[in-house]
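Keep the sequence and the model open while reading.

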Amino acid sequence: IPELIRLLTWEEGFTIEEAVRVVSRTCAYTNHTILAEALEKWPLSYIERVVPQLVPIIKELSARVAEKYTDARVQIIDEQKRVHMAHIDIHYGFSVNGVAALHTEILKETELHNFYQIYPEKFNNKTNGITFRRWLMGCNPALSDLITQAIGPEWKRDAGKLEGLMDHMEDSAFREQLLSVKGENKTKLARWLKGRGTEINPDSILDIQIKRLHQYKRQQMNALYAIWKYLQIKEGRTPTRPVTMVFGAKAAPAYTLAKDTIHLLLCLSRLIDQDPQVSPWLKLVMVENYNVSSAELLVPACDVSEQISLASKEASGTGNMKFMLNGALTLGTMDGANVEIVEEVGADHAFIFGTSSDEIIRMEHDRSYNPMEIFNNDQDIRRVLMQLINGYYSPQDPELFRDIYNSLLNTQSSDRADTYFILKDFKMYADAQRRINEAYKDEQWWARTAMLNTASSGKFSSDRTIEEYVRDIWHLEKVKVEV
């Protein structure tokens, strides 16, 4: 925005008033996350060194806001001489949108509430979408062909037509074909992993969490569950069906706790593989160098889609949509677009758990959460956490996972412990996993629910998302293109 104003004033002869007016009718702001690191704040002194030509414009924009509003929380340059980039966007743009219904409500009610009070007319929602051309037609041609045989090719242009699969819900032959396609995709993934030195059982429940590795996405909770499951199997409590847990992720190079989590997963994988009592029932795989190409193999093969972020933290998510489209069942919290996925498929056809977003926001505000209380009163959770510091997974370095342990309990500063409420939600998560193992025994129910997920996923096409941006924000003129 400051650069566009500079171009209009310095190079096109606009007055500052004219430039601000044009820019304010031209620029729109999409917020993709509420995480603090994404709402950029730059020291004014740094901007003065890097783009000195923009500093007078930023100061002018800030002064206009300060003259109009006294609330310190909506200023562009704050008392610490930091420039809040998102604040420029909100004040000098005509639209502010979130990328899932829950996310937009959180922006209005908490994160950007002070701006919403000033500009309620600017706020709107545009739920994210995915391109079906890549995430079904491209990466899962067998399922794509089966769908076309059943309902014709129109769904490729209009994803809403996938609802036609509902008419085949009670067709047992079609359900068998659906299960066969899933089996083929799992076998294909198993061959690919074997070529990379990892063997999995394609007949196991394939439980997959692939996304950026971040504490709010709670890969740590999934890792703790692997420890829980390992201990259960060691005690003779085996699942009704073998389970393969697959992780894939990238993280910032300096994100030490993310690296520790990857290290823990690798140590768990090795321990499980070397234990003849556990390995027939449990497998843990960390996909090396995870990227979109590997996702195109993982998504079609998935049975259980892990979407377990702390409620109120995930803006939307799109992996949840890719898995849903390919007939995976969602294991997740009521967070981001999971809320809308559950609205489409029904609560009986997803495995939902966890503390609500409203309750999380309240507890964060009140600082009322005490993970040490859970640790002291729940022997199961205490047993799992103690595994992190007894050297069981790292005999050469018993303190290797002390930082993960401390991040969950942090006895030195309990108000910062377990920032993402892993211990609070853990037992509910474990129970959801138990329900999955039970449900998977009913092959026909699982096939119907997988079909329902695919049939209900039309809303999450990027075609719909882009159409909404075109109509409500960009106001582009439609031009008919002959194909």
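Helices (H or I, at least four residues) and strands (E, at least two) are DSSP runs, numbered from the N terminus. This is a predicted model, where local features need pLDDT of at least 70, side-chain atom pairs count only at pLDDT 80 or more, and totals for chains, interfaces and linings use all residues. Residues are numbered from 1 along each chain as its sequence is written, and side-chain values use heavy atoms, with hydrogens and water left out.

Q: In which helix is glutamate 468 found?
A: Contact means heavy atoms within 4.5 Å. Leaving aside neighbours within four places in sequence, glutamate 468 is in contact with Asn125, Lys126, Thr127 and Ile473. Its helix spans residues 462–474 and is H22.

Q: Is glutamate 468 buried or exposed?
A: Buried means under 20% relative accessible area, exposed over 50%, and partly exposed in between (1.4 Å probe, protein chains only). Glutamate 468 has 19% relative accessibility, so it counts as buried.

Q: How many salt bridges does a search of the whole structure find?
A: A salt bridge is a side-chain nitrogen of Lys or Arg within 4 Å of a carboxyl oxygen of Asp or Glu. Side chains of opposite charge can pair when their charged atoms come close. One network of such bridges links Glu3, Arg6 and Glu11. The search of the whole structure finds 31.

Q: How many residues apart are glutamate 105 and lysine 108 in helix H6?
A: These two form a salt bridge, with the closest N and O atoms 3.0 Å apart. Glutamate 105 is partly exposed at 38%, whereas lysine 108 is buried at 15%. An α-helix has 3.6 residues a turn, so residues three or four places apart point the same way. Both lie in H6 (residues 101–111), separated by about one turn of the helix, or 3 residues.

Q: Which residue forms a salt bridge with arginine 383?
A: The closest N and O atoms of the pair are 2.6 Å apart. The pair links distant parts of the chain, 148 residues apart: arginine 383 is in helix H18 (residues 379–386), its partner in the loop between H11 and strand S7 (243–248). Arginine 383 is partly exposed at 39% relative accessibility. Its partner, also partly exposed, at 40%, is glutamate 235.

Q: How far apart are the closest N and O atoms of aspartate 472 and arginine 471?
A: Aspartate 472 has 33% relative accessibility and counts as partly exposed. Arginine 471 is partly exposed too, at 49%. The two form a salt bridge, and the closest N and O atoms are separated by 2.8 Å.

Q: How many residues of helix H11 are buried?
A: H11 covers residues 219–234 and reaches 23 Å from its first C-alpha to its last, close to the 22 Å expected at 1.5 Å a residue. That expected span is 1.5 Å times one less than the number of residues. Glycine 236, with a positive phi near 95°, follows H11. The helix is mostly covered, and of its 16 residues the buried ones number 15.

Q: At roughly what angle do the axes of H11 and H18 cross?
A: Axes are lines fitted to C-alpha atoms, for helices over the stretch in contact, and angles run from 0 to 180 degrees between N-to-C directions. Leu224, Ile227, Trp228 and Leu231 in H11 meet Asp380, Arg383, Val384 and Leu385 in H18. The axes come within 9 Å and cross at roughly 105°.

Q: How are H10 and H21 oriented to each other?
A: Helix H10 (residues 172–195) packs on helix H21 (residues 443–455) at about 80°, with axes 10 Å apart. Angles under 35 degrees count as roughly parallel, over 145 as roughly antiparallel, 65 to 115 as roughly perpendicular and the rest as oblique. H10 and H21 are therefore roughly perpendicular.

Q: Which residues of helix H1 are buried?
A: H1 spans residues 2–11. Its buried residues pack against helix H2 (16–26), helix H4 (55–68) and helix H5 (85–91). They are Pro2, Ile5, Arg6, Leu8 and Thr9.
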